[in-house]
Amino acid sequence: MLGLIRPTRRQLTELRGLSIPLVLLDPRSDPGGELASVGTTDDQGGYDAGAHLAGTGLGRFAVIRGTPRFRFGKAREEGFRRAIAEHAPGAPVTRLDLGWGGGDLNATIAELFATDRAPLGVFACNDAMALSVYPAARRAGLRIPHDISVVGFDDDPRAAVASPPLTSVHQPLGQMAARAVALVQELRARGGEHFDRVELPTRLVVRNSTLPSPSPLPPPRTVT
């Protein structure tokens, strides 16, 4: 079982040539069915984040994309943008780029509020980037969630203890790892050339970094 890998074409060929049961855990690029993999519903998670922010009545948004542009980051952004298009049609979405480990957003946040003081909804493709909004907002004299509503992705331990606690899309890492182990055993038993892509569902955990929605969250969309 391999995790944190962005397989190249050459690596995929070499891994298949090993002829051993092998599963990729949340690969950073798409193995294209050439190897079995386990992940989460990244697109659905991004969609749920966007639907939640739009449901609070916000009229403008920003998405913080991770760099480099990994497979799961693209899926999360696409889901978010689709939700905004459906639930807040015509609302602007500003694209921001930041490293996956987070960074300094002071100038970026200040610029977003320099000419427009309307409340802003921010979706970041992981929690580290979402938490980078907090010090930038404080420096600009902005309040979370009243001026900036923030949603992250991962629901890592820092989300619950942030001030205010961070709304985040939970991905079931323990269950993903367990499913990967089970899938290795299934491959050992059956062999063959059919390789599964298993996705476990995400879940939006709403905390105080976003305003309450005046209307219920739309039911989750089915991902096929």
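Me: Over how many bridges do E7 and strand E8 (residues 167–170) pair?
Reply: This is a predicted model, in which local features need pLDDT of at least 70 and side-chain atom pairs count only at pLDDT 80 or more, while totals for chains, interfaces and linings use all residues. Residues are numbered from 1 along each chain as its sequence is written, and side-chain values use heavy atoms, with hydrogens and water left out. Strands (E, at least two residues) and helices (H or I, at least four residues) are DSSP runs numbered from the N terminus, and two strands pair if DSSP finds at least two bridges between them. E7 and E8 pair in the parallel sense, and the number of bridges is 4.

Me: Which residue in E8 is the bridge partner of Phe-153?
Reply: E7 covers residues 148–154, while E8 covers residues 167–170. The partner of Phe-153 in E8 is Val-169.

Me: Is strand E7 largely enclosed by the rest of the structure or left open, and why?
Reply: A residue is buried under 20% relative accessible area, exposed over 50%, and partly exposed in between, using a 1.4 Å probe and protein chains only. Because 6 of the 7 residues of E7 are buried, the rest of the structure leaves this strand largely enclosed.

Me: In E7, which residue is the bridge partner of Phe-123?
Reply: Strand E6 (residues 120–124) runs parallel to E7 and is joined to it by 4 bridges. The residue in E7 that partners Phe-123 is Val-151.

Me: What is the order of the strands in the open sheet of 6 strands?
Reply: The pairing in this sheet is mixed. Its edge strands, each pairing on one side only, are E5 (93–99) and E10 (203–205). The order is E5-E4-E6-E7-E8-E10.

Me: What angle does the direction of H5 make with that of E7?
Reply: H5 packs on the sheet and touches E4, E5, E6, E7 and E8, where a contact means heavy atoms within 4.5 Å. Axes are lines fitted to C-alpha atoms, for helices over the stretch in contact, and angles run from 0 to 180 degrees between N-to-C directions. Helix H2 (residues 42–55), which lies across strands including E4 and E7, runs at about 165° to E7. For H5 and E7, the angle is about 155°.

Me: What is the order of the strands in the open sheet of 4 strands?
Reply: Here the pairing is parallel, and strand E2 (residues 23–25) is joined to strand E3 (residues 36–40) by 3 bridges. Within that pair, Val-23 stands opposite Ala-36. The edge strands are E1 (2–3) and E9 (197–200), and the order is E1-E2-E3-E9.

Me: Which residues does Gly-103 touch, not counting residues up to four places away in sequence?
Reply: Gly-103 sits in the loop between E5 and helix H4 (106–112). With a relative accessible area of 36%, Gly-103 is partly exposed. The residues touched by Gly-103 are Leu-98 and Ser-132.

Me: How many helices and strands make up the secondary structure of the chain?
Reply: Of the 224 residues in the chain, 51% count as buried. The secondary structure comes to 7 helices and 10 strands.
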